[in-house]
Amino acid sequence: RGTLDRALRIMDSLLKELEQREIPIDLIDDRQMSTQISVLGETFGICIEEVLDRVERKLTPAQEAEKKRHPWMFDRPEYDRVPTGNLVLRLKNGEYDCGRTNWRDGKVQRMESLLNRFIVALFECAVNKRSARIEREEAEALRMAESRRKEELRKLQEQERARLAQLLKDVEAWHQSQKIRAYADAIRTHAEKNDGSDSGQKLMEWVSWVSQQADRIDPLCKSPYSVLDEKISYW
């Protein structure tokens, strides 16, 4: 509370300097970066805090007496945070490391004289952050392009494998049809020797059926009708 008025005056001066440079300032409901500024398209949070010292907490007389009776008690010191009256101006930038991020009172210099350095450093940090962001975006674009290339290659390979599998299947079917036709020709030659007897006639009918099956298998022929083409519905 003792440094509140001074902190407000410093922040007022800083915001006015930023406004003169047409740097957008925004207030959001966020404890980590409630006061935000935008420099070269990059967003930063700024705040002023008071530096606190850590002072070991002294034991009360009752605690001292208890410690004498039980030496193991209060063996770990406890600390209090006490204000120092010194202020620190912090630049909050998320996970990105942009070098110096705080400017504080010293033994001689006061924060009021550091505001211009803070603004200069802010622009330097914005440039570095913007460059790093562009590099990340370019790297991500390359990664996505490579991912798309690999995906397209995978699809082409799948299509090629499917075409090759179909080719092998067609070749095998064509060979089968040729074997069936050769077999049918051999049976036909044998049937013709039976001079049109009933057994020869039946054999010729069977040869005709065999030829149809060869056409159904042959990928180069139009498949003739077969009872196997009919679909049976059980509903």
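A charge is said to sit over a ring when NZ of Lys or CZ of Arg is within 6 Å of the ring centre and within 35 degrees of the ring normal. In this predicted model, the charged end of lysine 129 does so over the ring of phenylalanine 44, 4.9 Å from its centre. Arginine 54 also lies over a ring face, that of tyrosine 79, at 3.8 Å from the ring centre.

| Aromatic pair | Geometry | Centre to centre | Angle between planes |
|---|---|---|---|
| Tryptophan 103 and phenylalanine 118 | edge-to-face | 5.0 Å | 85 degrees |
| Tyrosine 183 and tryptophan 206 | edge-to-face | 6.0 Å | 85 degrees |

Let's take the pair of tryptophan 103 and phenylalanine 118. Tryptophan 103 belongs to strand β5 (residues 102-104) and phenylalanine 118 to helix α3 (residues 115-192), so their contact ties together parts that are 15 residues apart in sequence. Are these two residues buried or exposed? Both tryptophan 103 and phenylalanine 118 are buried.

The pair of tyrosine 183 and tryptophan 206 links distant parts of the chain. Tyrosine 183 is in helix α3, while tryptophan 206 is in helix α4 (residues 198-217), and 23 residues separate them.

Technical notes. Residues are numbered from 1 along each chain as its sequence is written. This is a predicted model: local features need pLDDT of at least 70, side-chain atom pairs count only at pLDDT 80 or more; totals for chains, interfaces and linings use all residues. Side-chain values use heavy atoms; hydrogens and water are left out. Rings of Phe, Tyr and Trp (its six-membered ring) pair if their centres lie within 6.5 Å; planes under 30 degrees apart count as stacked, over 60 as edge-to-face and the rest as tilted. Helices (H or I, at least four residues) and strands (E, at least two) are DSSP runs, numbered from the N terminus. Buried means under 20% relative accessible area, exposed over 50%, partly exposed in between (1.4 Å probe, protein chains only).
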